[in-house]
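Open the model in your viewer and keep the selection panel at hand. We will go from one stop to the next, picking residues as we go.

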Amino acid sequence: MNGAATRAIDSPTPGLHDEWGLVAALRLGDEAAFLALVKRYHGAMVRIARMYLRSDATAEDAVQEAWLGVLKGIDDFEGRASVKSWIFRITAYCAKGRSVREGRFVPLSSLEEDGDDGPAVAPERFQPEGARYANNWSQPPQPWADERLAAVETAALARAEIERLPVRQRTVMTLRDVEGLDSDEVCAILGISEGNQRVLLHRARSKVRAALEQHLEKGGRP
Amino acid sequence: MSATELSCRELVELASDYVERRLPLAERTRFEMHLCYCAPCRVYLDQIRATIATAGRLTEDDLPAGSRETLLAAFREWKKTP
């Protein structure tokens, strides 16, 4: 307990500092610290659980179970991983266990790729085979205006587009780009290979970029 | 153009891996050579980076109704057990 508090003070990274403070407070039974962690991670945990379970309701149950696991394990948490990574790993473990018990466990690595994924950019935006500059842009992307990119509705659109992604792409992009985990952490939490993670991330980012492009170049207002 | 040069159509499929720093050296070199002379692909790469940055600004939604109470009850229960 003391160790954690000391580390919180020494920690050079503001985010980590804050997390160590929360862990220390949680060990002391601080309800506000618990709620802060719940507020911060619950949504991402439901997404992780949703990768293993078919309904939002069972995913929510698995996450409730994961929080109990967090509380039970908090005294033994040694900080080899970040708090976030540790909590997400417990979540994946609980969700996986539940899907095994329900007899519907399918290893993520053996799932078919999510539907027919087309190319990152529509083929008609490139010059056709046989043209002088075959496969180079015929309809190139236009730079995005910073103030429109920063607008609230642009973020809302990105969120909606992430929600629409197939479940594995959505989870990987959420953990990597929204939550800011690194690829090793994501592979460990989800039990997928680095190559698999990279393909899912590429597809997810390509689709979200395409949606933003459509919004920023046409319909949307600044 | 020589066969070893990347086309724009190939580049867009590698943009995320490039940002991830996962391209092997030879492929990274071809990627960066292409960027040197292709302004539209520089715009594309900027857009992939802007997409990642936009995702990074999102915060999680509020808790579903009921979750907070259930979790708080579980927390208080946990606190009681030594």
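Begin with the whole structure. This is a predicted model. Over all chains, a search finds 19 salt bridges. A few of them are stops on this tour.

**Stop 1: a pair inside chain A**

Select A:E19 and A:R40. Their side chains meet in a salt bridge, at 3.9 Å from N to O. The pair links distant parts of the chain: A:E19 sits in helix α2 (residues 14-27) of chain A, A:R40 in helix α3 of chain A, and 21 residues separate them. Is A:E19 buried or exposed? A:E19 is buried, because its relative accessible area is 6% and the cut-off for buried is under 20%. A:R40 has 29% relative accessibility and counts as partly exposed.

**Stop 2: from chain A to chain B**

Now select A:E31 and B:R76. Here the side chains form a salt bridge of 2.7 Å, N to O. Why does this pair join two chains? A:E31 lies in helix α3 of chain A and B:R76 in helix α4 (residues 67-80) of chain B, so the bridge runs between the chains. Check the exposure of each partner. A:E31 is partly exposed, at 25% relative accessible area. B:R76 is partly exposed as well, at 42%.

**Stop 3: back within chain A**

Select A:R50 and A:D56. Their side chains meet in a salt bridge, 2.7 Å from N to O. A:R50 is partly exposed, with a relative accessible area of 22%.

**Stop 4: a network**

Select A:R176 and B:E20. These side chains make a salt bridge at 2.7 Å, N to O. Together, A:R176, A:D177, A:R205 and B:E20 are linked in a network of salt bridges.

**Stop 5: the whole interface**

Colour chain A and chain B separately. How many salt bridges are there between chain A and chain B? The count is five. Polar contacts across this interface come to 17 residue pairs, with both residues at pLDDT 80 or more. Which elements of chain A give two or more residues to the side that touches chain B? They are α3 (31-52), α4 (56-73), α7 (152-164), α8 (167-178) and α10 (194-217). Select α10(A) next. It provides the largest share of that side, eleven residues. Colour the side of chain A that touches chain B by residue class.

In chain A, 61 residues are in contact with 41 residues of chain B. The area buried between the two chains is about 4,400 Å². Carbon and sulfur atoms give 61% of that area.

**Stop 6: chain A as a whole**

Chain A has ten helices and zero strands. From the N terminus on, its elements run α-α-α-α-α-α-α-α-α-α. Of the 222 residues in chain A, 50% are buried. Finish with a surface view. The accessible surface of chain A comes to about 10,600 Å². Carbon and sulfur atoms account for 52% of that surface.

Terms used:
Residues numbered from 1 in each chain as written. Chains lettered and ligands numbered in written order. Predicted model: local features only at pLDDT ≥ 70, side-chain atom pairs only at ≥ 80, totals over all residues. Heavy atoms only, no water. Contact = heavy atoms within 4.5 Å. Buried area = accessible area lost by both parts, 1.4 Å probe. Salt bridge = Lys/Arg side-chain N within 4 Å of Asp/Glu carboxyl O. Polar contact = N/O pair within 3.5 Å; in protein donor to acceptor, adjacent residues only side chain to side chain. Helix = DSSP H or I, 4+ residues; strand = E, 2+ residues; numbered from the N terminus. Buried < 20%, exposed > 50% of the residue type's maximum accessible area, 1.4 Å probe, protein only. Areas by Shrake-Rupley, 256 points an atom, 1.4 Å probe, with all protein chains shown as cover.
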